[in-house]
Amino acid sequence: MTQQKNPKRQRLIAMDHQYVAPAGRVSKFDLVVDHGLGAKIWDVDGNAYIDFLASASAVNVGHGNAKVVAAIHQQTDKLIHYISGYFYHGPAIKLAKRLALLAPGKTPKKVSFSTSGSEAAEAVVKFARSYTKRSVILTFQNSWHGTTLGAASLSAIDGNMHRDIGPLIPDIHHLPFPDPNKRFPGESITDFSSRYLKDFTDLFEHDIPADQVAAILIEPIQGDAGIIMPPNSYMQGLYQLCHENGILFCTDEINQGFGRSGKLWSIDHFNLEPDLMAVGKSLASGMPLSAIISKAPIMDTLASPANATTTAANPICCAAALATIDELEALHLTERSDELGKFSKTKFLNLQKDFPVIKQVRMVGLNGGIEFEESQTKLVNDLCNYCFEHGLIIISTMDHILRFQPPLVITKDELTQGINIIREGLLKLT
């Protein structure tokens, strides 16, 4: 359905442009959100949209989830906030235990809270350096770990994240991410993995000795790069390389955690236990809460107050997180993500048959990258705008890939309606 007229939206956007700094927004289209329910949102002018973005994978249990809303209301009536860096409160303690027990592997875990994914990524650096007494952190090209100075230093997906803000945090280096699409003709997955792992052994031999490296931080599935999943052989080799050299194996689950990929954690696809793991976004259904979960001996090395902040582990956010985890489990949303991801992949593959301009369909759970040829950036941009004008929220990443991450509570009918809007847009634009 085409949008209604939007005078209120236009007034609010004009005010935003007058008072809000542009660095805080990656502009897509002129959406001013008013409210949401399940897998739909409504703007300030009453237009309804099917949501294929889930607030950048931050509302996996859906907009306005009744159990999460109730938990927030109940906690608000009791206590809005009191600094957890000095004292204790029940919701934070209960959540820390819950997360420690949910983390992969059997090694005892501890948790440290913060408010954003960027802070969690920076905490990985602090704890890793403290534990190993080494300084170098290795991460990957096309990674997104956040935009605070430390997190931006870890990221390597957009030059504007680094432009004019240097010097960045020292001793952070980026290596090529093992994108299986970059295999040589005839190259096996095993040989591809060995070739990319050789980047590390070459680095250790010729540039940075392995005994200077504190940690390797990886997204088990790169989200903003377009849902890129490394081969299992690469991840097993990387894990072994880390442990042979006393390097901590660290994962970023901020975008991909809490059922998004059809597993509770994206690292579960590889059956590996990280030394440190950063979580956020859907942890508290988009409320400002993040955490790192790590093996207890690592967490015990950093002294107080090195990772304490005033608003970390806000009790309302912790209550929301506990309710979010309850809903993930009660509604079987991880399993649902796997099931509906397969359903969606079939739909998108049928779309690809009819529109060969689609180069590849990657889907891991309700988590997709619908890739077009790199020359088709205008088409992808026009398609996203068409979808927006016809009641569907979907954005592009890397300029030529549709980012598909709907709330895990979305129905098959809503998925079908949304993909049909994409089909109609391609019929009109190609």
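A: Gladly, beginning with the cysteines. A disulfide is a pair of cysteine sulfur atoms within 2.5 Å, and by this rule the count here is 0 disulfides. The model is predicted: local features need pLDDT of at least 70, side-chain atom pairs count only at pLDDT 80 or more, and totals for chains, interfaces and linings use all residues. Residues are numbered from 1 along each chain as its sequence is written, and side-chain values use heavy atoms, with hydrogens and water left out.

Q: Is Cys-318 buried or exposed?
A: Buried means under 20% relative accessible area, exposed over 50%, and partly exposed in between (1.4 Å probe, protein chains only). Cys-318 is buried, at 0%, and Cys-317 is buried too, at 3%.

Q: Which residues line the largest cavity?
A: On a 1 Å grid over the protein atoms alone, a cavity is a set of points where a 1.4 Å probe fits but cannot get out; lining residues have an atom within 4 Å of a point. Grid points are joined across faces, edges and corners, and a volume is the space filled by probe spheres set on the points. The search finds 1 cavity of 30 Å³ or more. The largest cavity holds about 30 Å³, and its lining includes Ala-103, Lys-109 and Asp-275.

How values were computed. On a 1 Å grid over the protein atoms alone, a cavity is a set of points where a 1.4 Å probe fits but cannot get out, and a pocket is an open set with protein on both sides within 12 Å along at least five of seven lines; lining residues have an atom within 4 Å of a point.
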